[in-house]
Amino acid sequence: MRDIVIKAEILNAPSAGLELAAAVSQSISRGDPVRLDFARYDRATPSFANAFMMTLLHQFDRELLRSNVRIDNACPAIVEALNASISRYDRGIRLSIQRTPAAG
């Protein structure tokens, strides 16, 4: 299992979520399960959580994510933010970069 270091000082920007998702995606694509340690964080914004979770959900099967991504030391606020993002994805909400342009 590969430990991925979360580089962001605070989890508030979509760019930080996309960066973390890219690192996770790269490892999973190589067949390396990952571990993310959220111990130093007390919250994550919806922008960060959406960018992180929706990117991974768009790329990978949910079961593959469950079996290959371990999230450790996440406080209740982090868990809530990530779960809310998953719920939004399940309701059909997508990042702007994931939407299909409307025919016009």
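Pockets and their linings

Trainee: What makes the lining of the largest pocket ten nonpolar, one polar and two charged residues by class?

Mentor: That division, ten nonpolar, one polar and two charged, follows because Ala, Val, Leu, Ile, Met, Phe, Trp, Tyr, Cys and Pro count as nonpolar, Asp, Glu, Lys and Arg as charged, and the others, Gly among them, as polar. This is a predicted model, in which local features need pLDDT of at least 70 and side-chain atom pairs count only at pLDDT 80 or more, while totals for chains, interfaces and linings use all residues. Residues are numbered from 1 along each chain as its sequence is written, and side-chain values use heavy atoms, with hydrogens and water left out.

Trainee: Why is the space of about 300 Å³ called a pocket?

Mentor: On a 1 Å grid over the protein atoms alone, a pocket is an open set of points where a 1.4 Å probe fits, with protein on both sides within 12 Å along at least five of seven lines. The largest pocket has a volume of about 300 Å³, and of the 13 residues that line it (an atom within 4 Å of a point), the closest to its centre are M53, L65, R66, I71 and I86.

Trainee: Which element gives the largest share of that lining?

Mentor: Helix 4 (76–90), a DSSP run of H or I with at least four residues, gives four residues, the largest share.

Trainee: What lines the second largest pocket?

Mentor: Its lining, around about 180 Å³ of space, includes R2, D3 and Q26, and helix 1 gives the most, with five residues.

Terms used
Points joined across faces, edges and corners; volume = space filled by probe spheres on them. Helix = DSSP H or I, 4+ residues; strand = E, 2+ residues; numbered from the N terminus.
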